[in-house]
Structures are given as structure tokens and as C-alpha cells.
Amino acid sequence: MSAKDHLVIFDTTLRDGEQSPGATMNKAEKLRIAKALEKLRVDVIEAGFAIASEGDFEAVKSIAETIKESTVCSLARAVDVDIDRAAEAIRPAERGRIHTFIATSPIHMQYKLMLSPDEVIEQAVRAVKRARSHVDDVEFSCEDAGRSELDFLCRIIEAAIDAGARTINIPDTVGYAIPEQFGETIRQIIHRVPNADKAIFSVHCHNDLGLAVSNSLAAVMNGARQVECTINGLGERAGNASLEEIVMAVRTRQDLFDVETRIDAQHIVPASRLVSTITGFPVQPNKAIVGANAFAHESGIHQDGVIKHRETYEIMRAQDVGWHTNSLVMGKHSGRNAFRTRLKELGIEFETESELNEAFSRFKALADLKHEIFDEDLQAIASDTLQSEEDARFSLVCMKVCSETGVVPRASLTLLMDGREHKVEGEGSGPVDATFRAIESLVDSGCNLQLYSVNAITSGTDAQGEVTVRLERGGRIVNGVGADTDIVIASAKAYIEALNQISRGGVRQHPQAADV
Ligand SMILES: CC(=O)SCCNC(=O)CCNC(=O)[C@H](O)C(C)(C)COP(=O)(O)OP(=O)(O)OC[C@H]1O[C@@H](n2cnc3c(N)ncnc32)[C@H](O)[C@@H]1OP(=O)(O)O
Ligand SMILES: CC(C)C(=O)C(=O)O
Ligand SMILES: [Mg+2]
């Protein structure tokens, strides 16, 4: 048996998360997310605010009817009508909770509630008792506790526990707290409230200063045993503490925390995707745990480290949070080790180090032009390199093509033939035709062009184009393939490659080239 305390994970994606402007969900969507949360094994699902609307009431009720493995909770102000409605909504639940709250900060009590502190305590006690008349599991929150006076917090919490609250939640409603100070506040409250041992202390942190997770963790280190959080950190304004970050921080730093959760972390990424799809709130690529780059490495030094020993640059395993795998993204910061490793995975191996080096420099040149190099780009680079063996008679040195509305396209190329450079020019019906004519003005191969096709190897306007050229001469058919971000250059490379293949079987030379 574990000696660690259980940390209750209270997910409020469907209540506070839904309060994000634009994140409203319908009943069916809420039910889908609730099922994902149950799969994730969250302890408590705050399904909504039953009094808010008929739709929210129905959503809470249907979640209460469906979910078996998590407690289903509804929020309620400290007023009878809210509490009774919440009770009705969660009645079908196997385990139901009413979460009632009232603000405790001077600014909220004076300007919003227009109640004296004593009146607030009185209303809180009445609300907790009413909630207890419906269910045993009652949570009480001191809204805006982050800006409340400590003495007053201790007074109202003691009264709420006496009235029957089983969980006391200390929200930093406006994200005002700083970790060390917030942790100390939690420690003081637990220390000073005489009946603190009769309740579980919880925190609910907002991210206005980007500190929601840090504040929650500081609270856990000081005795909090429930954390309220949301998938992807969704929530009012800058959001709530993100569930995935809290869970993985506690799990990854077991050396620092005396708690453990029952979350099945492998369902984190699917849950994150579901919430993002339903709400239409994309997950930023650099978001911890669930962002597309959370387990992706592009820098050569990091990739080299990860290939040699994953833990050099990873503190968690991608698979443990629901990713298929970590990834080495090929780009301009990548190094030889990652390049060679990826090609090997694709079944491509170079026989000589110089072939690898040549392919690697092609890769770097391409990476300067494109944001990301995909496997298909690598395959094209490799076949380009492997094809440019030393016995190739022809190769492209450089080229320029002019294509303008109303003017005949013109191509000027510098070609290497049998080790000597030749400048050639040609005109045609289009830039590709002009290029092929320019090449033929030197080579005069006598070939028939049987097929010309262009494929975008990858997506996006910076994609590499792969051109296939099929030439026929005397019944012999060859294919040449060339790849480049510029499809006219790719066309020239493909044509030249096809000529090289023809040439290996013998090619006629143009008189101009006879002295070569
Ligand atoms: C920090 C938080 O996240 S709190 C939760 C916030 N979420 C929401 O507000 C979403 C759902 N809310 C709603 O649908 C509506 O606001 C309702 C149904 C709750 C109330 O609607 P209305 O009756 O029209 O009141 P309205 O929203 O205009 O004002 C809130 C009233 O509740 C009072 N109130 C606010 N919090 C509490 C509380 N915890 N306990 C008792 N009364 C409260 C306010 O003082 C105000 O009272 P007043 O009308 O006498 O001045
Ligand atoms: C209702 C409470 C818990 C809340 O959402 C907050 O204070 O932020
Ligand atoms: Mg909140």
C-alpha cells in the first residue's frame, strides 16, 4: 500500500471551463467530455451550474445519469433556489456533490454582495446546511479567497465545516496569488482552523498571472488534498490550472510530493483533443504535455541526445500521456545523427560517408527554404543523392527561367557534361518546355518525352515538388525523378536524370559537344 495521500482531482472543464467566452457546449458535447473525464479517472466532475439555464440543468442531469466512476457535482450560489436545483440535477448520480460558494473578500462583500462579513457567514452556514439536507457530499468555496483576510477566512471556514461541509475550497478567483505566499496561506488556514481535520482542503487557481499551476502545487505542498483544474487549462479569462500539468508534475516529481492521483494519464492527450475540438479552442504547440511540440525535438544537439539516451532531453514519456511516440522533427537545426537515423528508419542507408554528407548538405539547403522537412522530402533527397552517382554524365549547375505574360518563356542553364560546363538557352511554350529545349540544344538526345508529372510531396506552398519525366529512345524507356521546392528546377533535374539513364545505355552527342 502507498504511504502517499490521495490527491483528489476535481475537473471543472464543464463548469468553469465553459465560462470561457466562446466555449459554450451543448448537452451532447458535455456528455462526451464527461465520458472522457471518467475514462481519465478524475475523482469529481463539476458538470455545470444547474440554475444557469434549462440546458445546463439537463446537461448536469444526463451526466449524473450516465457517469458511474466519478462523483458528479453541480455549482450553486449560497441561495436556496440554486441549491435545490443543483440537488435535483445530481439526484440520479451514483455519487453526487453540491458545491456552494459565497465571496469572502472585502471588495466582493461590499460592492457585489452588499453584505456585511457576519451576514456572509450566516448565508454560507445556511447554504451548507441546506445542501447537506440533500446530500452528504457538500463542498463550500470562499470566492476570491486570494484577496480575503486570513482571520475572516478562518472564521467562515470553521463555521462551514461545523455546518457540514466536507470539502473546503480556497479559490484564487482572480489569479492574484504568488506561489510562496499562497502556499503559506493554505498552511496557515489548515493550522488555524480548529476543525480543519474534518474537511479536505482544496484549491481552485486562475491563471491571470500565469501562475495557476504553480499556486496549486504550492498549495498541495502545504496540505491541500484536492485541486480544481481543467483540461487544457480552459476557464474564465486566462483560464484555470491545467489538469494535465498538475497531474504530471505530481507524478514526475514524486520525490517532492507526498500525494498521488488515480488519473490514467494515457487518456490525457485524447481528452485534450476532444475538448479542443468541441470548444474550438486550439492547443498552442508549445503547451506543456498536450501541445504538438511537447515531445518533439528539432535541434541537432537535442536529437543526438535523445537518440543516444531519451532522458537526456525528456522528463516524461510521450506514450505515458497518450501520444503515439515522441518525435524528431527534421529542420534546419537538425544534425547528422538525426538525419541518418530517420533515413535508416525509412529504410534508406548510404554506402559511403560522402554520400551521406552530400545528402545532408542537400537537406540543409532545403531546410533553409522550408519550415519542416517531411519523410517524403527526405526520400526525395536520398534518391536524388543516390542517383547522382559519379558515372552521371550530365548535371545541373544552375538555371534561370523568365516567364512573363505575353512574352515567350526563356530558360538559360549551365550544365555539366562529362566534367565540363556548358551554357545553353532555349525558348518554349512554357518555362518547363523552354528548360527541356535548352537541355536538348546541348545533348540532342533524340528521346521522346512520354510522360511528365508533378506531385507536391508535402502540403503547403513551401512544399517540395517531385517531377517524373519518362523518356523513350529506340524502344528503351527510362524514368527520371527530381525534387525541389521550385518545380521548374525539379523538372530540369528529372529530365537530366532520365538523360543520364539513357546515357548509361549510350547517347548521341550534339556536334557542339563533340569535342567534349
Ligand atoms: C467565480 C465564479 O466562477 S462564480 C460562477 C460564475 N458563473 C456564472 O455566473 C454562470 C451562471 N450564471 C447565471 O446564469 C446567472 O448569473 C444566475 C442564474 C446565477 C443569476 O442570474 P440573475 O438572477 O439574473 O443575477 P445576476 O447574474 O444578474 O447577478 C448575480 C446575483 O447573484 C448574487 N450573487 C453572486 N454570487 C452569489 C453567491 N455566491 N451567493 C448568493 N448570491 C450571489 C449577486 O450579488 C447578484 O445579486 P443581485 O441580483 O441581488 O444583485
Ligand atoms: C465558484 C468558484 C469556485 C470559482 O470558480 C472561483 O472562485 O473562481
Ligand atoms: Mg473559477
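Analyst: Helices and strands here are DSSP runs, numbered from the N terminus; a helix needs at least four residues and a strand at least two. On that basis Glu 149 lies in a loop, between strand 6 (138–143) and helix 6 (150–163). Note that this is a predicted model.

User: Why is Glu 149 called partly exposed?

Analyst: Buried takes 20 or more other C-beta atoms within 10 Å, and exposed takes 12 or fewer. Glu 149 has 13, so the label is partly exposed.

User: How far is Glu 149 from Thr 277?

Analyst: Their C-alpha atoms are separated by 41 Å. Along the chain the two residues are 128 apart.

User: How do you know that Asp 16 is buried?

Analyst: Asp 16 has 23 other C-beta atoms within 10 Å. The cut-off is 20 or more, so Asp 16 counts as buried. Its place is the loop between strand 2 (8–11) and helix 1.

User: What makes Asp 16, His 204, His 206 and Asn 240 one spot?

Analyst: An unreviewed UniProt entry places the feature "binding site" at these four residues. They span 225 residues in sequence, yet no two of their C-alpha atoms are more than 10.1 Å apart, so they gather at one spot.

User: Which residues are around ligand 2?

Analyst: Asp 16, His 204 and His 206 are among them. By class, the shell has three nonpolar, five polar and two charged residues.

User: What does the shell around ligand 1 look like by class?

Analyst: It divides into eight nonpolar, two polar and five charged residues. Of the 15 residues around ligand 1, Phe 49, Ala 52, Arg 77, Ala 78 and Ile 102 come nearest. Strand 5 (96–103) and helix 4 (106–113) are the elements that give two or more residues to this shell.

User: Which residues of helix 1 are buried, and why are they said to be on the same side?

Analyst: The buried residues are Lys 30, Ile 33, Ala 34, Ala 36 and Leu 37. They cover an arc of only 160° around the axis, which puts them on the same side of helix 1.

User: What makes the phi of Ile 289 worth a remark?

Analyst: Most residues other than glycine have a negative phi. Ile 289 is not a glycine, yet its phi is positive, about 65°. Ile 289 lies in the loop between helix 10 (268–279) and strand 11 (296–297). With 25 C-beta neighbours inside 10 Å against a cut-off of 20, Ile 289 counts as buried.

User: Where is Asp 444, and why is it called partly exposed?

Analyst: Asp 444 lies in the loop between helix 15 (431–443) and strand 16 (448–456). Its phi is also positive, near 45°.

User: How is the protein divided into domains?

Analyst: The division gives domain 1 (5–279), domain 2 (296–372) and domain 3 (394–513). The centres of domain 2 and domain 3 are separated by 32 Å.

Technical notes
Residues numbered from 1 in each chain as written. Chains lettered and ligands numbered in written order. Predicted model: local features only at pLDDT ≥ 70, side-chain atom pairs only at ≥ 80, totals over all residues. Domains from an automatic or database assignment. Near = placed C-beta within 6 Å. Nonpolar A, V, L, I, M, F, W, Y, C, P; charged D, E, K, R; others polar. Arc of directions from axis to C-beta. UniProt positions renumbered as here; feature names shortened; annotations may be inferred.
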